[in-house]
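Here's a quick briefing on this model, sorted by topic. Have the structure open as you read.

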Amino acid sequence: MEDDFYVSSEDEGYYDDDEDNDDPENLEEEMMAYVESETPKCEVSSTKVISKESLLAAQRGDVQRVMDVLSLKEYHARTLLIHYRWDVDKVLAVYVERGKELLYEKAGVTMAEHDDTSQLSSEVMCDICMDEIPANEVTIMDCNHVFCNECWTEHFIVKINEGQSRRIKCMAHKCNAVCDEAIIRNLVSARDPNLAEKFDRFLLESYIEDNRKVKWCPSVPHCGNAIRIEEDELIEVECACGKQFCFSCLCEAHSPCSCQMWDQWLKKCVDESETVNYISVNTKHCPKCSKLVEKNGGCNLVTCICGQPFCWLCGAPTGSDHTWDSIAGHECGRFKEDEETDLEQTKKDLFRYTHYFNRFQAHKDSLKLEATLKKSVQRKITYLEENLSSSKDYSWTTDALNRLFRSRRIIAYSYPFAYHMFGDLFKKEMTLEQRTIKQNLFEDQQQQLEASMEKLSMFTEEPFDHYSEEKLHDLKLRMMNLSTLVDKLCLKLFECIEYDLLGQLQFSVHRIVSYNSNGVEKASEINSLSGC
């Protein structure tokens, strides 16, 4: 985003409760112009939704581009694109930099003129089955290799069943040429029409499976859509079905966490590893009944509810006679210091994890609850439109609500980021002093955003449908200004993470999705006719 979209670092535009204004109408006009200038203009989405119906059109669009530039047949263009993972720009770059001959050779495209089967003798020996075959029962490929139709068909069927139908090569020894799709389709359909359909489906789905710029939407149950991007793979998108996800890792949208951080956070949450570690150090299995026993005192002789006494340090069963530092008839060679150190460290780790997880979960829960505000706010807007004639534009309420949702999501995912950023993940990258300074910098930004966001949340819940016009006008200015401030603070938090924290790492590379004031980008429907 350009800096021009945001207020300056000095909050000169922020509304002041004590500020006097003699002309509220002029103030509102100025405020509307100011907020409009600070709001990013809507741009055409760079991501596209590819449905089942538009998949063929999308593939044909790229194939046609290569056909037009290189003057190729359709299957030759598709072979090139499959080899280069459907990257049209890559195909054209190789063509310009290395020439047509090398481009075709690497992809298995053969442009040599081949003989017509009508020019062959009446019978041809097939080098696979070694039989003499009539000329009308053999097929010649672009590479000029000739085999009987039966052998070709068997070869194609095996390759399709093995999942290699995207680039079926010639049977000749060391021949890299890719076979003609039309020939494959005709020979296989004569033997097994269903398998021919499977071949066509594999070719079609190659546009998604082999294309780094296209991925299936990870919705469950699957909506049947795929998403195509144009530029950076590090982007968060929203499918037509409403699913928001990270295009890079296909997990839920998780900025400002990097994909690596989010993956580790998921594992920690799903496995409940911190709780498991705490239990493993803080409890022992009874040697008699195997129930877990927790030590609640300083003595190393513990007794299970089944009555069995045992040594806490080694878990061995013992008698009940003991003193403070020894058990009668029992010796244990474990170091008590190690046990106590492990216990304390595990408690600290668990406490730290719980701190970040509870705050992450609290904001996620708030996000779910605030989603019900949409209906409440809409009811208030409807009431005002019907009963208040002075104004019919209440878009500022829905704008503030959307800003609240976006900032709440950012704050929620900033806690998993902080857990990893200032934990063991980058322990070797920073000294303790450096980590403390960076953590204070981040938490200052985080708390400023959180405080402004909660204030905005409070404003959206006010019963403004029962306010006087003067009070409603005042609330409007407050919410518009506060929305702009929250937007600016979100940007500052992202910049802090991207440049001051992750950007300073020397040995690790963690990238995050750049801040988008409009939230997760909604993919637009692809044109089923043009493929664009």
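Helices here are DSSP runs of H or I that span at least four residues, and they are numbered from the N terminus. By that count, tryptophan 152 and phenylalanine 156 both sit in helix α6 (residues 149-161), and being four residues apart they are separated by about one helical turn. Keep in mind that this is a predicted model.

**Aromatic pairs**

- There are 19 aromatic pairs in the structure.
- One of them is stacked: the rings of tryptophan 152 and phenylalanine 156 have centres 5.6 Å apart and planes at 20°.
- Are those two buried or exposed? Tryptophan 152 counts as buried because its relative accessibility is 0%, and phenylalanine 156 is buried too, with a relative accessible area of 0%.
- Tyrosine 356 and tyrosine 419 make an edge-to-face pair, since their ring centres are 5.9 Å apart and their planes stand at 70°.
- That pair ties together parts that are 63 residues apart in sequence, because tyrosine 356 belongs to helix α11 (residues 336-370) and tyrosine 419 to helix α13 (residues 395-421).
- Both tyrosine 356 and tyrosine 419 are buried.
- Zoom out a bit and you'll find tyrosine 356 and tyrosine 419 in a cluster linked by ring pairs, together with Trp262, Trp265, Tyr353, Phe357, Phe360, Tyr413 and Tyr415.

**Charges over rings**

- Lysine 268 lies over the face of tyrosine 353, at 5.8 Å from the ring centre. Tyrosine 353 is also one of the residues in the ring cluster.

**Cavities**

- How many cavities of 30 Å³ or more does the structure hold? It holds two.
- The largest cavity contains about 60 Å³ of space.
- Its lining is made up of 13 residues, and those nearest the centre are Arg166, Val178, Cys179, Glu181 and Leu203.
- By class, seven of the lining residues are nonpolar, two are polar and four are charged.
- Which helices supply at least two lining residues each? They are α3 (74-83), α7 (181-191) and α8 (193-209).
- α3 gives the most to this lining, with three residues.

**Sheets**

- Strands of a sheet pair through backbone hydrogen bonds, and they can run parallel or antiparallel.
- Lysine 48 stands opposite serine 524 in β15.
- Another open sheet has three strands in the order β9-β8-β14, again with mixed pairing. Here β9 (244-246) and β14 (521-522) are the edge strands, and each pairs on one side only.
- Strand β8 (residues 236-238) runs parallel to β14, with two bridges between them. Glutamate 238 stands opposite lysine 522 in β14.

- Most residues other than glycine have a negative phi, and most peptide bonds are trans. The residues below go the other way on one count or the other.
- The peptide bond from valine 220 to proline 221 is cis, with omega near -5°. Proline 221 lies in the loop between β6 (214-216) and β7 (226-228).
- Serine 255 and proline 256 are also joined by a cis peptide bond, with omega about 15°. You'll find proline 256 in the loop between β9 and α9 (259-271).
- Serine 71 has a positive phi, near 55°, and sits in the loop between α2 (55-70) and α3. It counts as exposed because its relative accessibility is 62%, and the cut-off for that class is over 50%.
- Arginine 85 has a positive phi as well, near 55°, and is found in the loop between α3 and α4 (88-98). At 42% relative accessibility, arginine 85 counts as partly exposed.

Notes. Residues are numbered from 1 along each chain as its sequence is written. This is a predicted model: local features need pLDDT of at least 70, side-chain atom pairs count only at pLDDT 80 or more; totals for chains, interfaces and linings use all residues. Side-chain values use heavy atoms; hydrogens and water are left out. On a 1 Å grid over the protein atoms alone, a cavity is a set of points where a 1.4 Å probe fits but cannot get out, and a pocket is an open set with protein on both sides within 12 Å along at least five of seven lines; lining residues have an atom within 4 Å of a point. Grid points are joined across faces, edges and corners, and a volume is the space filled by probe spheres set on the points. Ala, Val, Leu, Ile, Met, Phe, Trp, Tyr, Cys and Pro count as nonpolar, Asp, Glu, Lys and Arg as charged, and the others, Gly among them, as polar. Two strands pair if DSSP finds at least two bridges between them. Buried means under 20% relative accessible area, exposed over 50%, partly exposed in between (1.4 Å probe, protein chains only). Rings of Phe, Tyr and Trp (its six-membered ring) pair if their centres lie within 6.5 Å; planes under 30 degrees apart count as stacked, over 60 as edge-to-face and the rest as tilted. A charge sits over a ring if NZ of Lys or CZ of Arg is within 6 Å of the ring centre and within 35 degrees of the ring normal.
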